[in-house]
Amino acid sequence: MSLKINITQVREQITEAALDCKRLPEDICLLAASKNQSPLMIEKAYFLGIANFGENYYQEALLKIQKLHHLAIDWHFIGAIQRNKTAGIAQHFNWVHSIDRIKIAEHLNYYRRDNPQKLNVCVQINLANEHTKSGVSIEEAKDLVLTINQLPHLKLRGLMSIPKAETQYEKQLSQFKKLQQTMSTFNKELNFNLDTLSMGMSHDFESAIHAGATIIRIGQAIFGERQNK
Ligand SMILES: *Cc1c(COP(=O)(O)O)cnc(C)c1O
């Protein structure tokens, strides 16, 4: 497994997908989804040019954040959020992508109060209302974004989703477009300036870019296939 080759290849694919739809490759943030990866692996990826890392489990993430505090990494929380982890998440992360409840947003806001920088957040949308997945439905999202927008220590940046895994490009694209349209509706109707669409993973990031993704979350295409635990 060569991290360097993988990262180079992903970068090339990002550039190609961006140029295909007349976007600038540098407008797409490559976030390395680093769950189960060691601090050493993250450090290697960092020195190969990746500055944004996404973690799913708070305890695991905290150890890595502490070990790698000498690096200028932006840490993103992308996993399910338990209420008793909100204090730590609010204090140690720059971004949270996976808010799907008002209570969680309020707790994050509270625990961010002493930090001069607001916590960047996205609302997670469950596009097909799959009961196995977190996220609010598109219908419920409006109340949640309106509430979050009132919280002084959070900066609402946009929407995140993990859509159904599809192999066909057209099917992937239509799901991602739904998220893009939801954000643009909020911007128009609520007069918001949301600028972030966190969507696209190893198997579907090219279609996500075509639908307007600004952050793609890539694990296996960078670090190699996940071992079954
Ligand atoms: C693991 C994970 C990813 C990355 O998935 P890959 O298929 O490994 O690219 C992206 N987003 C979330 C929320 C994840 O948990």
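Me: In this predicted model, in which helix does Glu-12 lie?

Reply: Glu-12 lies in helix α1, which spans residues 3–20.

Me: How many salt bridges does a search of the whole structure find?

Reply: Side chains of opposite charge can pair when their charged atoms come close. A search of the whole structure finds seven salt bridges. One of these joins the side chains of Lys-103 and Glu-106, with 3.4 Å from N to O.

Me: Where do Lys-103 and Glu-106 stand relative to each other in helix α5?

Reply: Lys-103 and Glu-106 are three residues apart in helix α5 (residues 102–111), so about one helical turn separates them.

Me: Which atom of Gln-220 is 2.8 Å from an oxygen atom of the ligand?

Reply: A polar contact is a pair of N or O atoms within 3.5 Å. For Gln-220, a polar backbone atom is 2.8 Å from a ligand oxygen. Lys-35 instead places a polar side-chain atom 2.8 Å from an oxygen atom of the ligand, and Ser-202 has a polar side-chain atom 2.5 Å from a ligand oxygen. The protein covers 94% of the 380 Å² of accessible area that the ligand has on its own.

Note on methods
Residues numbered from 1 in each chain as written. Predicted model: local features only at pLDDT ≥ 70, side-chain atom pairs only at ≥ 80, totals over all residues. Heavy atoms only, no water. Helix = DSSP H or I, 4+ residues; strand = E, 2+ residues; numbered from the N terminus. Polar contact = N/O pair within 3.5 Å; in protein donor to acceptor, adjacent residues only side chain to side chain. Areas by Shrake-Rupley, 256 points an atom, 1.4 Å probe, with all protein chains shown as cover. Salt bridge = Lys/Arg side-chain N within 4 Å of Asp/Glu carboxyl O.
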